[in-house]
Amino acid sequence: MLRNKTWFKVLSIPLMASMLLMGCSGNDTSTQSNDNTPNDTVNVAKDPAKPATWIADRKVKGLVFMGTDDYTEDMNAEIKAKLKELTGIDLEIEIMVADHSIDGLIAGLASNDLPDFVTFYLNNSGRPEMPVVLKAAREEMFTDLTPLMKDTKIYSKYLEDEYLPLDTKYGVMFRPEFNGSSYFVHMNVARQGGYATRKYAGGPYIRKDIAEALNIDPRTINTTEKLYDLAKKIKAGNFKDKNGKDVVPIGPSYWGGKEVGALFNDLEWGSSDQRIYKGKDGNILHESQTEFALKKVEYVQKLLNEKLLHPEFFTIDESRATEGALNETWGIIGDTHNYQEYNRDMHYLPLGPIDAVDHPYQMQVNYKSGYSAWAIPATTKDPQDIMKLADFLASREGKLLWQYGLEGRDYTLDGKGNPLAKKEILDLKQSNPDEAKKLGFAGVSNYWGELLGGTDIDRMADFGEMEYGDAVAPEVNAGALKIADYWGWDEKRKNASIVDGYTPLSFIGDFEHGTELKAAFENYDDSLIRAYYAKNTVEAKKILDSASKQLEATGLPSFLELLKQKDADPKTHLKF
Amino acid sequence: MQTRVNTSVATSKSSKLWRNILLHKYLYLMLLPCLLFFIIFSYIPMTGLILAFKEFKFNQGILGSPWVGFKYFERFFNDYQSTMLIKNTLIISCMKLFIGLPFPIILALMFNEVKNRYFRNIAQSISYLPHFLSWVVVVGLTQRLLAPDNGLLNQMISFFGGDGSTFYMMEPHFFYQIMFGSHIWKSIGWDSIIYLAAIAGINPDMYEAAKMDGASRWKEMWHITLPSIKPTILILFILSLGNILSAGFDQLYLLRTPGNMHLAEILDTYVIRVGLQGGQYGYATAVGLMQGVIGLILVVAANRISKKVSDTSLW
């Protein structure tokens, strides 16, 4: 008995002590300033000794909840000094390293200790980050940006009608629940609708020598049946890779195993990350409710059984998938694009495109779309300084600094005032990208300025070229453009449909049982792949039926009904 | 009168304790970092468990957020996946716990029987190495070895005239073998250290006496070695019962493929996927708390049973 009491004491005393410690530590919000009143330093801009772009003499710290592959916290000292000279701002950026950027974001918000601004991934309102930042906004963690935007040159455009795409306007920023307030700025919005910086031709690619040997024009492969016949011919042709090994007729995506919608397009009900589509009869259905799920399973099983598709097509790791593409082991690469370095000489040609499930292929271009977003925590002093800094970075002068570097050091100006990248910088970027990155601007892959300034994009109008260095070294993208020409990009773009709307899964957060349904959608995706590998169609059907039942049980019909209502509303209509 | 006696007994006990502490001050000083470690990294975080009963608000912190009672527990048990998750977790952890228990003991006994010291040291070092590899590396190796067509196993099968195209990682009926095999390969050497240490502590006179009585090596092992390390085996078994609802996140997360997902989805992967990646701290904490409480109950119960049956216990 005594031993039990001792044991109880030993366990409970430290627990009580730690509870006491926690209780005393409290939460710091009350001590932090939430004062949004303008600071006197703003008026320094009127000082004739300061440049017109002057904001305030202060330090601004930003925390980035995005990957180090996409962004860097290292700013070049000379560029930092130039920014200070122009705006008075001493900018410091820190990247929160986490296994998944969303984990970092949640931990950062929960810590309640945020710097002057934060940035995070947010492609659209359906991205997993959205419910997290929305919760933070509802819990008054961020500053209302609408009044701060009013007096800016660039960001005031966000308040104009027609400037923002639907999802950015009503799904991300000016959500009806906020009554005109906005708590995060969606970035990467183009100045003109339908604007494209690159001529992307993505999807499956076939080895040129194989296409020539089989006397096939890859552009005529527009159905999965034709793709099957082509794969059989590749197998029968006994082609070899660089190491003398047999070629796999259809290999995985260049970036590793995944579902590749573009490869099985006429069997895909909606894009492979949504699987929801509006049929010709106007009904919005999930793939599980159509015949296409089983048709696709039968097709993939046929490819797998006849060894026409790589057995690990859906699960292979990235390194092996890329290795196969570089060694030319894949007769057809499941998914790649024309701007890839390895294919500058065009030894792989674009295949198709494969027609859609209910109509011939038509390019679909987003009216405008967003990418990342930023917000100012409610604890930031003088938040208008951050907005002004963002506005400066989004202006032509700001963009010139973070996209082209320093005049004289990194570029010269042509007669029209457009920047011409220096040849030695382009050469350094080619020969030693890491060293070039240290020069500190986006042209050499250092994207610090994009965090606050990467919006209102129209490079042609601003700098007279579509991409950094095009005017000086057009040969850099020559291979990519040649492939785009071969694929007929211009013609396809001319006939493209420009769409503005929400992806169906953007509304999963609005659905009462969204979490459960999301899990059921994930289960369906996994079940589909499992069905591909089932012994026969009967077993595959069983797997799919079970996944479909789970979808029904977690409220799929009600969710589709919600989508129908959203689609009928011009402010929230869907894109498929 | 009685009260005064009790008080004076308590005072004398307390002063005796302080005298004792003062006498062994250096030992207590050495204990201090360990105590601090547990207070900072185990007890203070434990207060976060109240999140299981609260709806976490970013701006109100853990203590300020509103109470929601047993909402998250209710939600978990209403989830269509909960039965599958508990079943999978129990199957996997029981396999690791019960079937996996004898493997390091057998290895330790085998090492003990090796007389060539040089060979034994090399063999031991090799068996410890996998412990230092991360699960990412181990699962990567497994994937390569078991890959269809060009994996080592399939190539060997093809070489002997079989069908070398089996996609083991995608086939659900190979999942338990792969999971258990990779777990044993990674942990067997390291886990055998403690049993080896226990074996080293056995009095050599007992073996000598047994030899004089004509006992064979097998009998020595069966009647001396194993009974001598029985308390160690029991203690380790009781301690590992606490993790019965934690089947090992890293391994299962990495081994999971669409083909085996209905077997590989466990509570740990669910907590990360739904709870943390979805920002639902309260829900994740509730599931984590449930795992911990069940583990604690099992440890206490097993400890009592062990104490009654064999007189070996943790406390």
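This is a predicted model: local features need pLDDT of at least 70, side-chain atom pairs count only at pLDDT 80 or more; totals for chains, interfaces and linings use all residues.
At 48% relative accessibility, B:Trp222 counts as partly exposed. B:Trp218, at 56%, counts as exposed.

## Aromatic pairs

Over all chains, the structure holds 47 aromatic pairs. In one of them, the ring centres of B:Tyr168 and B:Phe174 are 4.8 Å apart and the planes stand at 70°, so this pair is edge-to-face. B:Tyr168 counts as buried at 9% relative accessibility, whereas B:Phe174 counts as partly exposed at 24%. The rings of B:Trp218 and B:Trp222 have centres 6.1 Å apart and planes at 10°, so that pair is stacked.

Ring pairs also join residues of chains A and B into a cluster. Its members are A:Phe264, A:Tyr299, A:Phe313, A:Phe314, A:Tyr532, A:Tyr533 and B:Phe167.

## Chain B as a whole

Chain B contains 16 helices and zero strands. Its radius of gyration is 26 Å, while a compact globule of 315 residues would have one near 20 Å. Along the principal axes, the C-alpha atoms of chain B fill a box of roughly 95 × 70 × 35 Å. Of the contacts in chain B between residues at least 6 apart in sequence, 62% join residues at least 24 apart.

## Surface and charge

Buried residues make up 39% of the 315 residues in chain B. The chain exposes about 17900 Å², and carbon and sulfur atoms supply 69% of that area. Chain B has 25 positive and 16 negative charges, with their mean positions 13 Å apart.

Technical notes:
Residues are numbered from 1 along each chain as its sequence is written. Chains are lettered from A and ligands numbered from 1 in the order in which they are written. Side-chain values use heavy atoms; hydrogens and water are left out. Helices (H or I, at least four residues) and strands (E, at least two) are DSSP runs, numbered from the N terminus. The radius of gyration is taken over C-alpha atoms; the globule rule is 2.2 Å times the number of residues to the power 0.38. Buried means under 20% relative accessible area, exposed over 50%, partly exposed in between (1.4 Å probe, protein chains only). Contact means heavy atoms within 4.5 Å. Accessible areas come from the Shrake-Rupley method with a 1.4 Å probe; for residues, only the protein chains shown count as cover. Lys and Arg count as positive and Asp and Glu as negative; His and the chain ends are not counted. The place of a charge is taken as NZ of Lys, CZ of Arg, CG of Asp or CD of Glu. Rings of Phe, Tyr and Trp (its six-membered ring) pair if their centres lie within 6.5 Å; planes under 30 degrees apart count as stacked, over 60 as edge-to-face and the rest as tilted.
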